[in-house]
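Visitor: I would like a close look at a single part of this model, taken slowly and with the residues named. Please keep it to one connected account.

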Amino acid sequence: MIALFGLFAIGTKRLANRLSSGIEMQVILDKDLTELEQESLAASIQNFSFVSKEEAPQFISKESAAEIMIETTGEDFVRFLGENPLRDAFAVRVDVGVETSALEDVKHQLGSLTGVYEVVYTKNMLQNIRGNMRTIGFVVIALSLIFFSTAIILINNSIRLALYSQRFLIRSMQLVGATQIFIKQPFLIRGAIQGAIGGGIASICLALVAASAIASMPELVYLISSKDIGFICILAVILGSLVVVSSVYFSISKYLKLKLDDLY
């Protein structure tokens with residue numbers, strides 16, 4: 001479950017990055033710009049490093065904007081007003097994340113260009129993205145901590161019960177002069193192997209779940225790669241070994257310090 005939450009966190013983070021990497025800003029132009037001035041302005045916009053290189057600024061005439069608005073609202077405001085109050089604009093995709101300070105800086109730079117009347121973007125949507133991603137992140141972290149703590153408690157109790165049956169063997173090894181390292185070594189090695197096996201089983205289950213999810217929704221390949229799955233699987237094996245080894249180490253250290261009467 002912890003590995004699954006880790007993979008989910010990676011996918012959520014990548015989804016947030018993809019949503020924020022294609023933010024569209026509307027660069028509204030001054031009235032009565034000539035076609036040459038519009039082309040020059042488009043080139044100036046394209047020269048900014050934060051403007052998407054994959055998609056050039058798209059020119060939207062005021063007539064096209066009016067048609068889109070009439071189709072969306074169902075009301076012919078041009079006929080009602082007697083004129084088209086809209087302005088020509090460029091739809092510009094920027095890649096600066098969803099931080100308000102960065103977006104406001106981009107807005108200021110675009111707005112400072114000659115021929116630009118105003119720059120607008122959907123702040124509410126970006127705030128919702130930030131808020132939702134933050135909430136999801138907190139939930140994933142909280143659940144991961146709960147499952148991780150539960151796993152450590154269960155593993156620690158199981159190891160203590162297993163070592164309890166070996167307490168007289170440990171005492172016998174102490175009586176014949178065995179050092180603490182010599183006594184701990186076989187238990188630690190066995191714990192590391194068992195932890196790695198447990199992590200390996202979890203990794204196989206995770207890989208099967210991920211493969212099934214990707215087969216059902218091929219779009220997930222844009223959020224979760226095979227490298228991500230491999231990384232989480234390796235981390236699960238390492239983490240499993242470390243948790244078991246640390247539990248074995250502290251538990252056996254406790255028995256090595258007990259007096260003979262405390263063993264009964």
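In which hand, left or right, does α7 pass α9? Please go on from there to the helices around that crossing.

Guide: In this predicted model, α7 passes α9 in a right-handed crossing. The contact draws on Arg167, Ile170 and Gln174 from α7, and on Ile252, Tyr255 and Leu256 from α9. Sorted by class, these residues are 4 nonpolar, 1 polar and 1 charged. Helix α7 covers residues 167–175 and helix α9 covers residues 226–257, and their axes come within 10 Å of each other, crossing at roughly 60 degrees. Angles under 35 degrees would count as roughly parallel and those from 65 to 115 as roughly perpendicular, so this pair falls among the rest, as oblique. The two helices, α7 and α9, are therefore described as oblique to each other.

Helix α7 also meets α8, which spans residues 180–216. The axes of α7 and α8 come within 10 Å and cross at roughly 145 degrees. On the α7 side the residues are Ile170, Met173 and Gln174, and on the α8 side they are Phe182, Ile183 and Phe187. This contact has 5 nonpolar residues, 1 polar residue and no charged ones.

The remaining pair is α8 with α9. Their axes come within 7 Å and cross at roughly 150 degrees. Since an angle over 145 degrees counts as roughly antiparallel, α8 and α9 are therefore roughly antiparallel to each other. Their crossing is right-handed. The classes in this contact are 20 nonpolar, 9 polar and 1 charged.

Two residues give some detail within these helices. Lys184 lies in α8. With a relative accessibility of 7%, Lys184 counts as buried, because the cut-off for that is under 20%. Leaving aside residues up to four places away in sequence, Lys184 touches Tyr249, Ile252, Ser253 and Leu256.

As for the setting, the chain has 9 helices and 4 strands. From the N terminus the elements run α-β-α-β-α-α-β-α-β-α-α-α-α. Of contacts between residues at least 6 apart in sequence, 80% join residues at least 24 apart. Buried residues account for 31% of the 264 residues in the chain. The chain exposes about 16,700 Å², and carbon and sulfur atoms supply 63% of that area.

One further residue, elsewhere in the chain, has a backbone angle to note. Most residues other than glycine have a negative phi. Asp32 is not a glycine, but has a positive phi of about 60 degrees. Asp32 sits in the loop between β1 (23–29) and α2 (35–46). At 76% relative accessibility, Asp32 counts as exposed, whereas Lys184 counts as buried.

Technical notes: Residues numbered from 1 in each chain as written. Predicted model: local features only at pLDDT ≥ 70, side-chain atom pairs only at ≥ 80, totals over all residues. Heavy atoms only, no water. Axes fitted to C-alpha atoms, helices over the stretch in contact; angles between N-to-C directions. Left-handed = near helix turned anticlockwise from the far one by under 90°. Contact = heavy atoms within 4.5 Å. Nonpolar A, V, L, I, M, F, W, Y, C, P; charged D, E, K, R; others polar. Buried < 20%, exposed > 50% of the residue type's maximum accessible area, 1.4 Å probe, protein only. Areas by Shrake-Rupley, 256 points an atom, 1.4 Å probe, with all protein chains shown as cover.
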